[in-house]
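User: Hi! I'm new to reading protein structures, and I'd like to go through one step by step. Could you show it to me and take my questions?

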Amino acid sequence: MLSCKKSNNTPPCSITDAETGPLFKKVDSLVTLSCAGSNCHVGGGSQSGYSFDTKCQIVDNWNAINNACVVRGNMPPSGFNSTQKAIITSWVNAGHQASN
């Protein structure tokens, strides 16, 4: 299992495309296009403070993504359709790792 958490004893996270699973690839695409790609969640610039510039940030913030995009449904502002929400839910239920 890949880990994205940094500690004082571990190097910064790095996840390559070759290490990612099919569910994460779909979530990564959704978040990259709809959240980071809209210039909202990049570089810590959003009001929420969440950045999704990297795959590690997506994995580390899985709960915030699930809550905002699926549970509350208030992100992105235009909303995700049921198919897009199902992609996130499937990834979360599979263990919300990059390798899923």
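Predicted model: local features only at pLDDT ≥ 70, side-chain atom pairs only at ≥ 80, totals over all residues.

User: What's the secondary structure made of, and which pattern does it follow along the sequence?
Analyst: Counting up the elements gives four helices and zero strands. Reading along the sequence, you get the pattern α-α-α-α.

User: Of the contacts between residues at least 6 apart in sequence, what percentage join residues at least 24 apart?
Analyst: Here we take contacts in the protein between residues at least 6 apart in sequence, and then pick out those joining residues at least 24 apart. That share is 55%.

User: Which element gives the most residues to the largest nonpolar core?
Analyst: This core has 19 residues, and Val31, Phe52, Ile58, Ile65, Ile88 and Trp91 have the most contacts inside it. The elements giving two or more residues are helix 1 (22-36), helix 2 (55-60), helix 3 and helix 4. The top contributor, with six residues, is helix 1.

User: Is Val31 buried or exposed?
Analyst: Val31 sits in helix 1. Leaving out residues up to four places away in sequence, Val31 touches Ala36, Gly37, Phe52, Ile58 and Ile65. Its relative accessibility is 1%, and since the cut-off is under 20%, Val31 counts as buried.

User: How far apart in space are Val31 and Cys69, C-alpha to C-alpha?
Analyst: Along the sequence, these two are 38 residues apart. In space, the C-alpha to C-alpha distance is 9.8 Å.

User: Which residues of helix 3 are buried, and what covers them?
Analyst: The buried ones are Ile65, Asn66, Ala68 and Cys69. Take Ile65: apart from neighbours within four places in sequence, Ile65 is in contact with Val31, Phe52, Ile58, Val70 and Ile88. The cover over the buried residues of this helix includes helix 1, helix 2 and helix 4.

User: Where is Pro76, and is the peptide bond from Met75 to Pro76 cis or trans?
Analyst: Pro76 is in the loop between helix 3 and helix 4. Pro76 counts as buried, because its relative accessibility of 6% falls under the 20% cut-off. For the peptide bond from Met75 to Pro76, omega is near -15°, and the bond is cis.

User: Is Ala86 buried, partly exposed or exposed?
Analyst: You'll find Ala86 in helix 4 (residues 82-94). Ala86 is 16 residues from Val70 in sequence, with 8.3 Å between their C-alpha atoms. Buried is under 20% and exposed is over 50%, so a relative accessible area of 38% makes Ala86 partly exposed.

User: What's the phi of His96?
Analyst: His96 is in the segment after helix 4. His96 is buried, with a relative accessible area of 18%. Its phi is positive, in a residue other than glycine, and near 45°.

User: Last one: which element gives the largest share of the lining of the largest pocket?
Analyst: The pocket has a volume of about 250 Å³. Of the 15 lining residues, the closest to its centre are His41, Ser48, Tyr50, Ala68 and Met75. The lining divides into eight nonpolar, six polar and one charged. The largest share, five residues, comes from helix 3.

Conventions: Residues numbered from 1 in each chain as written. Heavy atoms only, no water. Contact = heavy atoms within 4.5 Å. Buried < 20%, exposed > 50% of the residue type's maximum accessible area, 1.4 Å probe, protein only. 1 Å grid on protein atoms, 1.4 Å probe; cavity = no way out; pocket = protein on both sides within 12 Å on 5 of 7 lines; lining within 4 Å. Points joined across faces, edges and corners; volume = space filled by probe spheres on them. Nonpolar A, V, L, I, M, F, W, Y, C, P; charged D, E, K, R; others polar. Core = buried A, V, L, I, M, F, W, Y, C linked by side-chain atoms within 4.5 Å.
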